[in-house]
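I opened the notebook to record what I looked up in this model, entry by entry.

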Amino acid sequence: MAIPDQGDGERRAAAQALVRERIELIRRRMRRAAILDQVTCRLAVRMNVRPEEAAAHLARLSHESGMDLLEVARSVDEQAGEPTEAPRVAPPEWAAPVMEAMSLCAMYLIPVTDETGRLVDFLVVATTKGGEDVTGRPLEVFRGRRLLEFAPGVMRAGLLEECIRVFETRESFQRGPFEYVEARDDRLWPRSISVRASRVEDGILLTWQELDEEERLVTGWERAQRIAGLGWAEWNLASGRIIWTLPMYEMFGRDAAEGPLPFEQLPETVVAEDLGAMEEVVRTLLEHRESVEHEFRVQQRHGIRHVRLAAEPVLDGSGFPFAVRAMAQDVTADRRRERALAEARDQTHRARHRAEEEHRVALALQDTIMPTHHGVFDLPGLHMGVRYSPSGELERLGGDWFKARPLPDGRVLVAIGDAMGHGLGAVSLMAQMRSGLAGLAYTGAPADRLARWLNELAFHANQNITVTGTAVIGHFTPATRTLEWVSAGHLPPVLVRDGKAVFLETSNGTMLGAFENMDYTLTTTQLARGDLLLLYTDGVVEQRGRSLDIGLNAMLDAAGRCAEGDPEKNLACVLRELGGEHATDDVCLLALRVL
């Protein structure tokens, strides 16, 4: 077990200090925003103008005096005193029974206009009994008061503008659930609510429902975590409230009785090498206010776990992040599989550098099993051309192979494959896959089952080293001109019809021999008379200094230009277009013309 370095503790402390600093900065900004919202709305009520006009007035005073905007707002508020009491307006007769029957929080608002008749605010004339606003105050205390006076949050959330629009256009408005933040006593009260507003006679009926966010979100994510092994968390930076689903405790090795981990303590959980990444995640969320996704190694009581974290800041109406929501997934098992595959690649790479004598043996073996092959052959319903050339360089000797033959049930077996790597191991696996497929095909099994059997054969045949391969395996039925096929990590076949070349699409399965038990998806492709189907190995499209994507696009272009003539001409044209006639890797290319 590694002994913690003294510098690790200092880095963790610095990372925690960064988190605390960002959270405190956000809280100060939120408090400042709360005060400005309240003062702006009170000033708008006294001036009988809309809030944006009151805000512009404060901004002008701040600019002219050189004072901070908050200081100006407080000074103006103190000088103005309490707002003038609004005149009492009796609610309509229907309001009382309607409010009595409402199960949601509701209020009836009538318009308040300025001296020009422009609508600037609303007066509360009726409310439901027993209801509360988002800060917990009973709704009855707001009767006879201006909306902006007791609910400045409607300005920040844009609800005042929506209510004005509803009154003037008579078109109802509905929003939610969404994050609504109310300002009261120089602080913010964040809540998740749904709102609806409708024009009723000479006023607005406004209803809202505060959602139990913990129950709603936790229930949904508990279902998701059972399906995908996901955890969900929310840290409310304003109130300090934290929500964790059960998988979060498991990922971070924390007892549920201890409660969720505070956001500022997250740096304590990651290994020292990942502290820099954690600091950048915090900056992205809280400073840049952007979503972020990153993977961390978490040191917990059961060892190191790899946790992928996707997080987003939750912003209020002015863009301040008042909460962080995150989805986490334990990807430790994936990383173990990747290490196994990396080890397999390393072993294959070492095989490429075996002694020259081994390569000569492999060359002789390959020539015996798959001699250089050119020509055109007639199969039931198909006219097939073949170009197979092993590499001219000993160190690049590979395991390309193909198989095409009629079966007793009337179908035609068509397959092409490539054993990963070069040298004796690749040629040996090529021989096993090719000969194994030849025998398995006579069982009459569909291509997906053949691929599964071939995968098991490749897996168990290489216990000392991991050697993998790719393949396309298919059955062509002449009577219906259908091709039923699978892909085990191989390059996609190309279909040329009426001069247009496209890749055949399927679910690209895992390469052969990587894992013991794998299933493959069978795809049925309807072919037509005159279609040209091209199957190929990577030596046809790969060139030194050129990416595989470029090579595949070049393959499509060449196939479309070389679609005329018999298969032999098609092959010669495609290889000439791609420069495959001088390839240094193995080249295997089949052209199948549908009759």
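The entries below cover a helix, a disulfide, some cysteines and a hairpin.

**Ground rules.** I am working from a predicted model, in which local features need pLDDT of at least 70 and side-chain atom pairs count only at pLDDT 80 or more, while totals for chains, interfaces and linings use all residues. I number residues from 1 along each chain as its sequence is written, and side-chain values use heavy atoms, with hydrogens and water left out.

**Helix 17.** I took helices (H or I, at least four residues) and strands (E, at least two) as DSSP runs, numbered from the N terminus. Helix 17 covers residues 567–578, and I checked its length: at 1.5 Å a residue its 12 residues should span 16 Å, which agrees with end C-alpha atoms that are 16 Å apart. The expected span is 1.5 Å times one less than the number of residues.

Just after the helix, G579 has a positive phi of about 75°.

For burial I used under 20% relative accessible area as buried, over 50% as exposed and partly exposed in between (1.4 Å probe, protein chains only). The buried residues of helix 17 are P567, N570, L571, A572, C573, V574, L575 and L578. They pack against strand 12 (382–389), strand 20 (532–536), helix 15 (538–541), helix 16 (548–561) and strand 21 (587–594), with contact meaning heavy atoms within 4.5 Å.

**Cysteines.** How many disulfides does a search of the whole structure find? I found 1, a disulfide being a pair of cysteine sulfur atoms within 2.5 Å. It joins C562 to C573, S to S 1.9 Å, and with -60° about the S-S bond the link is left-handed. C562 lies in the loop between helix 16 and helix 17 and C573 in helix 17, so the pair ties together parts that are 11 residues apart in sequence. Both C562 and C573 are buried. I also noted C163 as buried at 2% relative accessible area, and C588 as buried at 0%.

Strand 1 (residues 105–113) runs antiparallel to strand 2, joined by 7 bridges; strands pair if DSSP finds at least two bridges between them. L109 stands opposite V124 in strand 2. The hairpin leaves 5 residues between the strands, and G117 in the turn has a positive phi of about 90°. Strand 2 (residues 119–127) is mostly covered, with 9 of its 9 residues buried.
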